[in-house]
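Biologist: Please take me closely through the charged side-chain pairs of this protein and the parts of the chain that they connect. I would like one connected account, with every cut-off stated where it first matters.

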Amino acid sequence: MKRQAASSERKWARIPSGKAGAANGFLMEVYVDSVESAINAERGGAGRIELCSGLLEGGTTPSMGILQVVKQCVQIPVFVMIRSHGAICRPLPVTFHRAFDMVHDPVAALETLLTLGFERVLTSGCDSSALEGLPLIKRLIDQAKGRIVVMPGGGITDKNLQRILEGSGATEFHCSARSSRDSGMKFRNFSVAMGASLSSSEYSLKVTDVTQVRTLNAIAKNILV
């Protein structure tokens with residue numbers, strides 16, 4: 001579950017033209033775990049940020065410190081990952097996280113989220129990626145009929161975004177738009193691993209890529225041209 005940071009202005013899927021992230025009617029949400037990535041997401045034209053920590057664990061609640069710094073550095077809305085906390089924080093808008101993709105009956109689960117007051121659900125269509133889960137995503141959007149935003153996410157790239165948006169009818173999408181860059185560490189002891197060796201090099205960083213964000217925004221914009 002994630003909620004909007006209290007100091008952000010409330011935003012919806014459709015944004016008047018000319019504002020960051022509108023992409024001619026589409027809104028791009030970029031998930032980030034650092035101040036650098038948040039700044040890059042805004043520079044690239046993202047319409048909203050999902051701020052979290054522990055991306056390798058599926059996303060956990062970030063510290064208050066990083067939230068405060070991110071809010072000082074960007075102007076676009078910041079939604080914060082809340083995991084695990086029991087309450088839904090009103091009156092802030094709340095998105096149900098991809099835990100939705102683990103449900104047994106997504107059709108019934110969507111109605112449950114509506115009953116609970118969620119305004120958005122992030123989903124890969126209960127499959128390994130949004131592209132693989134495209135048929136279900138479209139079914140859920142048709143079922144929602146505008147009562148809740150169904151936001152595709154999971155493996156979205158410049159190679160599949162057009163197919164996902166055109167095939168689902170979604171007005172928002174969620175992506176990382178990240179690339180790897182070399183760490184700034186000068187001395188490196190390759191004989192010792194501090195825990196990240198199974199997933200990636202400890203001497204590289206994954207950050208939001210401005211060019212990738214701009215590319216994805218351009219693809220979404222061109223769909224409506």
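**Charged pairs and their surroundings**

Modeller: The side chains of E29 and R48 come together in a salt bridge, with 2.7 Å from N to O (the term requires a side-chain nitrogen of Lys or Arg within 4 Å of a carboxyl oxygen of Asp or Glu). This is a predicted model, in which local features need pLDDT of at least 70 and side-chain atom pairs count only at pLDDT 80 or more, while totals for chains, interfaces and linings use all residues. Residues are numbered from 1 along each chain as its sequence is written, and side-chain values use heavy atoms, with hydrogens and water left out.

E29 belongs to strand β2 (residues 27-32) and R48 to strand β3 (residues 48-51), so that the pair, whose members are 19 residues apart, links distant parts of the chain (helices, H or I of at least four residues, and strands, E of at least two, are DSSP runs numbered from the N terminus). E29 counts as buried because its relative accessibility is 0%, and R48 counts as buried because its value is 1% (buried is under 20% relative accessible area, exposed over 50%, and partly exposed in between, with a 1.4 Å probe and protein chains only). The two residues also belong to a network of salt bridges that links E29, R48, R120 and E172. In the whole structure, the search finds 9 salt bridges.

Another of these pairs joins the side chains of R98 and D101, with a distance of 2.8 Å from N to O. Here R98, at 29% relative accessibility, counts as partly exposed, whereas D101 has a relative accessible area of 12% and is therefore buried.

A further salt bridge is formed by E111 and R147, whose closest N and O atoms are 2.8 Å apart. Because E111 lies in helix α3 while R147 lies in the loop between α4 and β7 (149-152), this pair ties together parts that are 36 residues apart in sequence. E111 has a relative accessible area of 29% and so is partly exposed, and R147, at 44% relative accessibility, likewise counts as partly exposed.

E111 also takes part in a helix packing: P106, V107, L110 and E111 in α3 meet L136, R139, L140, Q143 and A144 in α4 (a contact means heavy atoms within 4.5 Å). Helix α3 (residues 106-116) and helix α4 (residues 134-144) pack at an angle of about 40°, and their axes are 11 Å apart (axes are lines fitted to C-alpha atoms over the stretch in contact, and angles run from 0 to 180 degrees between N-to-C directions).

Elsewhere, helix α1 (residues 35-44) packs against helix α6 (residues 210-223) at an angle of about 35°, with their axes 8 Å apart. The residues that make this contact are N40, A41, R43 and G44 of α1 together with V210, V213, R214 and N217 of α6.
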